[in-house]
Amino acid sequence: MYSRLFLPFVRTTSNRFLSVGSNLKTTLLGLLGLAICVTLYLLTHRSVGYFQSQSELGIILSMKIYQMAWITIFAMLVFSSMITGVSTLYLSSDNEIIVAAPVDLPELFRMRLITTFIHTSWMILIFSIPIFFAFGPVFDSGPLYLPLLLVTIPATAFTACAAAILFVIMLVYLFPARRTRDIIFYLSICFFIFLYLIFRLMRPEDLVNPEKYGQFIEYMSAISTPAGSWLPATWTSNLLSSYLLDRQIDFLLLGLILLTPLVLIFIGEFLMARFFLSGFSKSQESFGGTYRFRPPKQMKSAWRWIFRKELISFLRDSKEWSQFFMIGALVIVYLYNFKVLPLERTFGSTYVSNLIAFGNIGLSGFLAASLAARFVYPSIGAEGGAFYLIRSSPMSPARFFFYKYLFYLVPFTILTLVLIGISNHFLKISGPMWWISLFGATLICWTVVAMALSFGAIYADYHAENKSASMGPGAVFYFFCAITYMLVILFTGIKPTYRLVRGWLRHDGLVLFDTLMVAGWVGVALVLSALIALFLCIRGVRALQPG
Amino acid sequence: MSEPILVTRQLSKQFDRFTAVNAIDLQIEQGEIFGFLGPNGAGKTTTIKMIAGLLQPTSGSLSICGQSMADSPMRCRQLTGYIPDRPFLYEKLTGAEYLSFIASLYPGSSTKQTLEGAERYLTLFDLHEWRNNLIESYSHGMRQKLIMSSIFMLDQPLIVVDEPMVGLDPKSAKIVKELFKTKAAEGTTIFLSTHSMEIAEELCSRLSIIAAGRIIASGTVQSLQEKAEHGAENLEDLFLQLTGAFELQDIIVALRKDSTKN
């Protein structure tokens, strides 16, 4: 009787994986997953083994990392379950069928809880097992470590998911579902940025220096202080670490870990029956938008409207603009890496910093290419069903394409210039390398933006539900081509740049022959980039023309 | 006289400060095809969602076959089949799997019997050969026909339909109209929301017109035409008069003037 609501989930999953041609894909994905698991196991085994072999401090550090890993995974699961939970419980399209049918709310709760748990946890479950399992051989644990792990990982993950769903039911009872989802989304982004920044700012590279362990453990202790004994992740990490170190099983903790999910299910069923319908009723109310926007300014030119449309579509979509936080964190860490480079301890630091500045052209290009894959590539497909407006208008596809290119070119150029300018400042770069890095990075940025837009037009998916869903094989092909192009530009530039910079550093001036070589490379790079961009743009514009 | 199938008393729904449905009273008898008309944003879909149990009324009451929606929501849902205007279908299920799933959601009659009924409708709608194909390969009309089959097979006393003919070819539309008539003759009550005056005129025994959340007229097509101020010739004229679209005449005159100027 209870299995009836699972039918769409089970059949959808099996039809997806068993459809024609998917066997090979499933096998390849399985092999890839296995390879990742093995790599994670080996990496963790090696790192934990290294710490453990150092001293008493090494063991403490390993255990701290173990506890941190549990708490981090638990927090990740809580946040992702909350976001998914709002969607599956309140915003699912099939709610119109299921809620309109005589289905008991506790039954619906169990179905949504289990499917949300599977959706949000399967990847973390699969990939966390090899990480935690690697601690076993290092600490020479007993035979029960793996069974304990296999029981506690799903139980703890289920607890995280159930707690998140309970919280969601209460939140949506108080606030509209879409607003709740947005708030949780921002909170989770902030949380992950916090984790990312704090991890980088801890300078994990110092771990190779045992003298700095003490300082590192202080850091770890400081950030893990809020992990109280009431957290299920702490119960699990305490249970497993006591077995790892002393081969002792705390059955009270084990019972607590296994019983908590059941208790949460009972509480959830009660909350569902009491609060769901009211929250669901509210979640369908599209009248929350009482906020009125200002009437638009009169703008005659089409390019201004296209710019405006792109900008407001971006700024009014919280999933899009909130990624600025992630980009901000990326930029901070990017620049921080240059700030903390131990150049003063390096022999020939001026040469090394110039070499790094040259490599930085590739790094900033890689960042531009990645961001273009996320933002520029899907921008034409994102026109979606509304693209007929452009196609049926008197605006030529080439003009539309050019306006789009200009729109994205400005922020990408600013970002590249900021990255190169500030990292050159940290590297104390002056002379020709400053200009070469500026030229190389800007040229690569302009070309990869053109490439992303062209590939996005050629492989546009106008039916994709959202921008992330429109990233198909075309995006992978774009990325491959963009990286190949960058490598060609960089490799052809190594020798002329090296000669010019070496001469400049030795003689404090420019050597004519070396300058001409660099000028030749600049010319070749310019022509090559222009040809690639032009060829792809023409193909992209053709793809936009009605077929 | 048998008990009314659907009764609403002062049924209202408020979204923040906006009143979508304002104290509507309806009483619909067994075997009626009841038309629910209104301009865009009048409150039709909100009312339908309340009848289907998808929205909770802010105030007022609603009962189906004598069962109160507030007290026995499960029983009311058991008695009501709902066909939304933009129906959701699981893309990766086959048509047959989808029907089995829907049959399982409505216990009471035997699933086997229900699915036998489904076979009949699938054949009627030319969907039988497609029943084992994934829904993602269906056209818009085929999806509409599948969701109709899924509700007709349940044989419930009340069927609530929001815009039933969208995307249907003339043959399928004719079949649906005949099905509505047959079902009504067998005792099923059909609550039909539509923008098509022809369909309402052809099918509905009674109708209500809703505008700005209030019922502004109720009765048979004939009785409403008689009540109309300027002697409406058909339902469309009547609808336009009642929903304030009489300015339409002025707009048409102004447009014609503009075109002669140009």
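**Figure 1. Asp140(A) counts as exposed, with 10 C-beta neighbours inside 10 Å.** The model is predicted: local features need pLDDT of at least 70, side-chain atom pairs count only at pLDDT 80 or more, and totals for chains, interfaces and linings use all residues. Residues are numbered from 1 along each chain as its sequence is written, while chains are lettered from A and ligands numbered from 1 in the order in which they are written. Asp140(A) sits in the loop between helix 6 (135–138) and helix 7 (145–174) of chain A. Helices (H or I, at least four residues) and strands (E, at least two) are DSSP runs, numbered from the N terminus. The phi of Asp140(A) is positive, near 50°, in a residue other than glycine.

**Figure 2. Arg247(A) occupies the loop between helix 10 and helix 11 of chain A.** Its phi is positive, about 55°, although Arg247(A) is not a glycine. With 14 other C-beta atoms within 10 Å, Arg247(A) is partly exposed.

**Figure 3. Helix 10 (residues 232–246) and helix 11 (residues 251–283) of chain A pack with their axes 9 Å apart, at an angle of about 140°.** That angle makes helix 10 of chain A oblique to helix 11 of chain A. Angles under 35 degrees count as roughly parallel, over 145 as roughly antiparallel, 65 to 115 as roughly perpendicular and the rest as oblique. Axes are lines fitted to C-alpha atoms, for helices over the stretch in contact; angles run from 0 to 180 degrees between N-to-C directions. The crossing of the two helices is left-handed, that is, the near helix is turned anticlockwise from the far one by less than a right angle. Pro232(A), Trp235(A), Thr236(A), Asn238(A) and Leu239(A) of helix 10 meet Leu253(A), Leu254(A), Leu256(A), Ile257(A) and Thr260(A) of helix 11. By class, this contact has seven nonpolar, three polar and no charged residues. Ala, Val, Leu, Ile, Met, Phe, Trp, Tyr, Cys and Pro count as nonpolar; Asp, Glu, Lys and Arg as charged; the others, Gly among them, as polar.

**Figure 4. In chain B, six strands form an open, mixed sheet in the order 6-7-8-3-9-10.** Strand 6 (80–83) and strand 10 (214–219) of chain B stand at the edges, each with a single partner strand, so one side of each has no neighbour in the sheet. The twist averages 15° from one strand to the next. Strand 6 runs parallel to strand 7 (residues 158–162) of chain B, joined by four bridges. Two strands pair if DSSP finds at least two bridges between them. Tyr82(B) stands opposite Val160(B) in strand 7 of chain B. Helix 1 (residues 44–51) of chain B packs on the sheet, and its direction makes about 150° with that of strand 7.

**Figure 5. Strand 1 (residues 6–15) and strand 2 (residues 18–28) of chain B pair in the antiparallel sense over seven bridges.** Lys13(B) has Val21(B) in strand 2 as its bridge partner. The hairpin has two residues between the strands, and Asp16(B) takes a positive phi near 50° there.

**Figure 6. At the interface, 23 residues of chain B are in contact with 24 residues of chain A.** Contact means C-beta atoms, placed from the backbone, within 7 Å. Helix 3 of chain B gives the most to the side of chain B that touches chain A, with four residues. That side has 15 nonpolar, four polar and four charged residues.

Definitions and conventions. Contact = placed C-beta atoms within 7 Å. Buried ≥ 20, exposed ≤ 12 C-beta atoms within 10 Å, placed from the backbone.
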